[in-house]
Amino acid sequence: PAIESKRLRIAMQKSGRLSVDSQALLSSCGLKINLREQRLIAHVENMPIDILRVRDDDIPGLVMDGVCDLGIIGENVLEEVSLQRQLDQENFDYEVLARLDFGGCRLSIAVPQEENYQGVQSLDGKTIATTYPRLLARFLKQQGVNARIVMLTGSVEVAPRAGLADAICDLVSTGATLEANGLKEAEVIYRSKAVLIQRKGLTDAGQLKLIRKLMPRIQGVMQANE
Ligand code: PRT
Ligand code: ZN
């Protein structure tokens, strides 16, 4: 008799822009999840899977540290955490199993509407507020721009008006938030979607078999949504 597999752990955002779509994707794949309770862990009733519901920022690290087997996360957060962990000399390995069809947005630099923006060199010597300091630093370095980066975890779009920064680097989808704050999009530095990732070094035969069973279903759900 085979050794019994451990339950597969999937990390997803607890509440936010990715949680409804993440949940819908897993449900469409046939997972029966009882999420009514406000619990960290939800057991899937009909498969050996546990769902961990956490802040999106924690998902890349949980997968990279091997604490969770799979995760559903925005590429923007995944890439930011990955760059940070490289700098900190921590493990940043993972595998992308699928690029998903939700969570689409872009990370952009925005400046006050009245500013005469003339391209990236206009940012030289400026202060830019962002929640994504590593992605922004990479872009500025590639472009040869010298700017100061100020880290803000929230209310980034009000930083220029509040006198905290000259420009911002934040996620944009419709552009309404920039507009409402008197800002205009100047540079798109990263385009993002949600992705399904797997930890490196997953060797449990039962778990691998289960993932192989789920993947065609995920592809099928995405094709049906096209
Ligand atoms: O609590 P937790 O830490 O889990 O959630 P969070 O508040 O950090 O993240 P959340 O739920 O806001 O976003 C999760 C992920 O959704 C992001 O990391 C992106 O991958 C994706 N996503 C897609 C977006 C947007 N679109 C988006 N528009 N995340 C944020 N926004 C915000 C943006 O920051 C700005 O404030 O929406 C505003 C801009 O929207 P528009 O339509 O006005 O341009
Ligand atoms: Zn977050």
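In this predicted model, strand E1, which spans residues 8–13, and strand E3, which spans residues 49–54, pair in the parallel sense over six bridges. Within this pairing, isoleucine 10 stands opposite isoleucine 51 in E3.

Both strands belong to an open sheet of six strands, in which the order reads E2-E3-E1-E4-E11-E5 and the pairing is mixed. In general, strands of a sheet pair through backbone hydrogen bonds, either parallel or antiparallel. The edges of the sheet are taken by strand E2 (41–43) and strand E5 (95–99), each of which pairs on one side only. On average, and with direction ignored, neighbouring strands of this sheet are turned by 25° against each other.

| Strand | Residues |
|---|---|
| E1 | residues 8–13 |
| E3 | residues 49–54 |
| E4 | residues 70–74 |
| E11 | residues 194–198 |

Helix H3 lies across strand E4 and strand E11, and its direction runs at about 105° to E4.

Turning to the domains, the assignment for the chain gives domain 1, made of 8–103 + 193–225, and domain 2, made of 105–192. The C-alpha centres of domain 1 and domain 2 lie 29 Å apart, while nine residues of domain 1 are in contact with nine residues of domain 2. On the side of domain 1 that touches domain 2, the largest share, six residues, is supplied by helix H3 (residues 75–87). By class, that side of domain 1 has one nonpolar, four polar and four charged residues.

Key. Residues numbered from 1 in each chain as written. Chains lettered and ligands numbered in written order. Predicted model: local features only at pLDDT ≥ 70, side-chain atom pairs only at ≥ 80, totals over all residues. Domains from an automatic or database assignment. Contact = placed C-beta atoms within 7 Å. Helix = DSSP H or I, 4+ residues; strand = E, 2+ residues; numbered from the N terminus. Nonpolar A, V, L, I, M, F, W, Y, C, P; charged D, E, K, R; others polar. Pairing = 2+ DSSP bridges. Axes fitted to C-alpha atoms, helices over the stretch in contact; angles between N-to-C directions.
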